[in-house]
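Subject: The two-chain model, handed over

Hi,

Here is the structure I promised to pass on.

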Amino acid sequence: MRLDSRKLFPYFALLLCVGALGWVFSRKAPAPADFTFANGDDIKSVDPAVVTGAPEGRVIGNIYEGLLNWDPEDLHPVPGVAESWEISEDGKTYTFHLRKDALWANLAGDTWPVTAHDFVYSYRRFLDPQIASQYAFILFYVEGAEAFQRGTRKKGDPVDVELTDPPQQVIDDGRPHARGEMLRAKFVSVEEVKIEGRKRPARVYTVEVDGEQRQYSSKADKLDDKSIRKCRQVLNDVESIAIRALDDHTLRIKLITSVPYFINLMGFYPLSPVNQRCVETHGFPAWTKVENLVTNGPFLMESRRLRDRIRLIKNPHYWDRDKVYLNTVDVLAVSSDTTALNLYMTGKVDWILTVPATVVPELLKQKREDFKPAPYLAAYFYRVNTTRPPLDDPRVRKALSLVINRQEITDNITRAGEVPATHLVPPGMADYDRARQQHRKSSGDSAATSREQDIKRAQELLAEAGFPGGKGFRKIELLYNSNETHEQIAQLIQAQWKEELGINIELVGKEWGSYLADQHNMEYWISRTGWIGDYSDPNTFLDLFVSDGTQNQTGWKNAEYDKLIKLAAFVRLDDSERAGVEKGVRALPNWSAKEHDRLLSEAVDLATRMKRAEVLRQAEEILVREQPIIPIYHYVSKAMVRPYVKGFYRNVRDDHPLKGIRIDQDAKARFLKGEGVR
Amino acid sequence: MIGFLAKRLLWMALTLWVVFTVSFFLMRAVPGGPFSEERKIDPYALEVFEARYNLDEPLPVQYWLELKRTVWHGDLGLSIRKVDYTVAEIIAEGLPISATLGIVAMAFALTLGITAGVVSSVRRGTVLDFSLMTVATVGIALPNFVVAGIAIVLVVFIWPIFPAAGWGGVQHVILPAFCLGAPYAAYIARLVRTGMLDVLGQDYIRTAYAKGLMPRRVIMRHAMKGAMLPVASFLGPAVAGILTGSLIIEQIFAIPGLAYNFVQAAVQRDYTVAMGLVLTYTTLLYTMNLLVDISYSYLDPRVKLE
């Protein structure tokens, strides 16, 4: 018996191998989609409220639709679910009129109308402290929103205590964000109670329910006082958020101040609505699975495989379906840029986001029609820890910045036409560019000082700060996340600082997580940073460095800067400025009264925008003068897209909605034949 | 046999527990956390997230909660970074893909390796032996990504018979499997050659020849078996390694296997996913070694399982 099984063993092993191989070889690749693109890394989630990345945006932006969309050519807001909107005279009240033919849809073919209530629900959910959306701040201009998300309230304010039971429940009583049962109460006070061994204290809320005081805490089970009851959280009354559905198709949002770019934000993907029924029926994370997911965008998600592909199909119920030309789209998760380029070159992928720096010169030399680096809303800069001497001295920081030869970096290392930068905000935003230009003209500031002058000035500054020729300057470190390009740039700068200023620095390359931890905890001297703008407004960059802002991370504080950033949101024309604009418009010849009014309102709008841009520019000037950051260059988009892809426009956000993209089949056939691929 | 298995399983449980403990504390000792991103997380949000994953508890409590969930409920938890997925789902999606690739790679490695090893040992000292062993040495020395790079240039661009990357049909498997298997093939070839040379000099082979058996039969039936022992012991860890995937091959060929998840989980401090994958890898490694031990007793009658 034993002998037999021994004889059988090799055959058994062979059979196993053959069986496995047979299974492998019976696999079939899915049919290619109409349009395929490499989306960088895997997406984190399809829940618009919890993601922050660009790859997520490229999926979520196409399966959901917010109130507005962005025009693919110049990113101005265009109708989405809202077919029209009005902004009140004071710029604070937005009224959106929702189209009646917008529908929710799932793969099974069920549909439900999209209503204003869906947006109320979604925005409340977006602001829910338990969702803890990283982008919550974009709604903080809405009345009551920040207080709701942060849980700030006064004694006597109505609050809702979310109880721990029932554990999951669909509630349909006007408090639709709820997951547990809600108890209406009046806020009395909150105190923090330290718990032994835990890094955070528990918050104990005292509230008044029907005239009786009770105490609640989410950590009640960890506290000694057993009279404290357990709750999930204590929320402000949701009605305190000024987002209201006036009827099924009218949504009103009230802001605390007029924010010029607020309307732009309404097209930003985190503000996409989610379907309440879907979220609450399935719960998290089950509602995000393709078989359960309900969305309202031009595409539906047909399948999703981790790190492989997401297949999108045209949503047949989408209101603007005639403008959706692609029936299937494959979104590939390809983490290596080289691999993405290989796929592109062999015709398997129609659009890639970037190419490896090493091939850039070759691609540029070929003068390819499909590779034209374009300005991109992103900056590469060094943060300086201004709390550590000698970097606390602005003269030192200025000197460090002055001697960097940025041109050499962009010419020899990055090589795709990146723009050497001495300021933070990238070019490409019309108003801001104009404000800069005007300033340059009016101040007669011929920005171009020669490199020799810069170096001389830097040496003087360093000597003034007490380190002539770098003498007595302590050794400092330059932190970056380990990456070939970052390292090369750091080495070059290290050499320049050594040569021109006599300063020795040490390069510290760390893996991503440790690098972030050091930067966030300000355990660094100088640290590399890349920042991509969230929306096309200078504020998305300048807002980073307000004193004590979460993203500041340099320890730099400047009251004047904070004032200007805040002021920019409230900019109005004063009477004399307004009169000036009116006078200018009146001086124009023979307009009809109606045209005159339109022209006047446009002129006032433009003048306001320019005034605001100027305020922001002044803020940036402070930033550049004080130099808590050392700008290096502004990125360019290095995307490649096949010429047969129509309806694809270059823009500063490198944002390309799939709706409106077409494949010119004749051109594609010709092209594929020409290149001999596929 | 049953006693042997029971003992080994007990050891496996113990090993897993040690691995769990060491990984748990190592992961939390590394700076940064699962919520570090370029945009620094808001302190309010951090508080919520840490509470959600029990990361605000003291370490011993966290350890106990994790251990309880893993052992008692058999639940590896939710991924902290890929929030739509549970760890079990991530493994269930990735492991079959890594395994598929691994099986084909192993088939390549064994076929090529054993053939080359046997041929060069039989033709010892000839040009054939020399060239095969040179190729094998180069194969061991060349890193995966170089082999893959050369292969891509050759059979994707110059002679386009395979797709550059991706996953789906059989055409996507061949090239990465070859690149993944090549160093293993080279190593196996050297092992087989050494083993064969060792065996071919032994008395029972001379006896077999003296009985008048055909050389082919002597080599295939008698010598091969003995020569396979070192290969079998090499195969245990090798199969475990190959089944859980190769980071470099997965990246170059954009294959959605497990290895990249592993590395990404470590980089992003996705504690639950990293832990799930460490445990999966340990289990696989242990199982493979157990199978190797069992296979010894089949390959060599002198080995007794105890």
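Let me start with the domains of chain A. Seven residues of domain 1 of chain A are in contact with eight residues of domain 3 of chain A. On the domain 1 side of chain A, the residues touching domain 3 of chain A comprise five nonpolar and two charged ones, with no polar residue. Between the C-alpha centres of these two domains of chain A there are 37 Å. If you want to find them in the viewer, the domain assignment puts domain 1 of chain A at 5-40 + 299-373 + 638-675, domain 2 at 65-277 and domain 3 at 378-570 + 626-636.

Please keep in mind that this is a predicted model. The predictor gives the complex an ipTM of 0.89 and a pTM of 0.88.

Next, the nonpolar cores. The largest one has 161 residues, and the members that touch the most others are Ala38(A), Val349(A), Ile352(A), Ala105(B), Ile188(B) and Val192(B). Domain 1 and domain 2 of chain A both contribute residues, so this core lies between them. To see one spot in it, click on Ala38(A): leaving out residues up to four places away in sequence, Ala38(A) touches Leu332(A), Val334(A), Ala340(A), Leu343(A), Val349(A), Ile352(A) and Leu353(A). Another core, of 64 residues, lies apart from the largest one and has Tyr382(A), Val384(A), Ala435(A) and Tyr635(A) among its members. As background, nonpolar side chains tend to be buried together in soluble globular proteins.

How do the two chains meet? On the chain A side, 50 residues are in contact with 52 residues of chain B. Three elements of chain A give two or more residues to that side: α1 (2-25), α7 (337-345) and α14 (512-520). The most comes from α1(A), with seven residues. By class, the chain A residues that touch chain B are 19 nonpolar, 17 polar and 14 charged.

Now chain B itself. Chain B has 12 helices and zero strands. Its C-alpha trace spans about 85 × 55 × 30 Å along the principal axes. Chain B has 306 residues, of which 40% count as buried. If you take the contacts in chain B with a separation of 6 or more, 72% of them join residues 24 or more positions apart. As for confidence, the mean pLDDT of chain B is 88, and 99% of its residues reach 70 or more. Within chain B, confidence is highest in helix α1 (residues 2-29), at a mean of 93, and lowest in helix α9 (residues 215-243), at 83.

One is around strand β24 (residues 629-637) of chain A. Nine of the nine residues of β24(A) are buried, so this strand is largely enclosed by the rest of the structure. Strand β19 (residues 374-384) of chain A runs antiparallel to β24(A), and seven bridges join the two. Ala374(A), for example, has Ser637(A) in β24(A) as its bridge partner. Strand β20 (residues 419-420) of chain A also pairs with β24(A) in the antiparallel sense, over two bridges, and here Val419(A) stands opposite His634(A).

While you are there, look for Arg383(A), which lies in strand β19 of chain A. Is Arg383(A) buried or exposed? Arg383(A) counts as buried, because it has 24 C-beta neighbours inside 10 Å and the cut-off for buried is 20 or more. Apart from neighbours within four places in sequence, Arg383(A) is in contact with Gln519(A), Ser527(A), Thr529(A), Gln553(A), Thr554(A) and Ile629(A). The C-alpha atoms of Arg383(A) and Leu478(A) are separated by 9.7 Å, with the two residues 95 apart along the chain.

Strands β10 (residues 202-209) and β11 (residues 212-217) of chain A pair in the antiparallel sense over five bridges, with Thr206(A) opposite Gln215(A). Their hairpin has two residues between the strands, and Asp210(A) takes a positive phi near 50 degrees there. On to strand β12 (residues 229-236) of chain A: β11(A) and β12(A) run parallel and are joined by two bridges. Tyr216(A) has Arg229(A) in β12(A) as its bridge partner.

Happy browsing!

Note on methods
Residues numbered from 1 in each chain as written. Chains lettered and ligands numbered in written order. Predicted model: local features only at pLDDT ≥ 70, side-chain atom pairs only at ≥ 80, totals over all residues. Domains from an automatic or database assignment. Contact = placed C-beta atoms within 7 Å. Nonpolar A, V, L, I, M, F, W, Y, C, P; charged D, E, K, R; others polar. Core = buried A, V, L, I, M, F, W, Y, C linked by C-beta atoms within 7 Å. Buried ≥ 20, exposed ≤ 12 C-beta atoms within 10 Å, placed from the backbone. Helix = DSSP H or I, 4+ residues; strand = E, 2+ residues; numbered from the N terminus. Pairing = 2+ DSSP bridges. pLDDT = per-residue confidence, 0-100.
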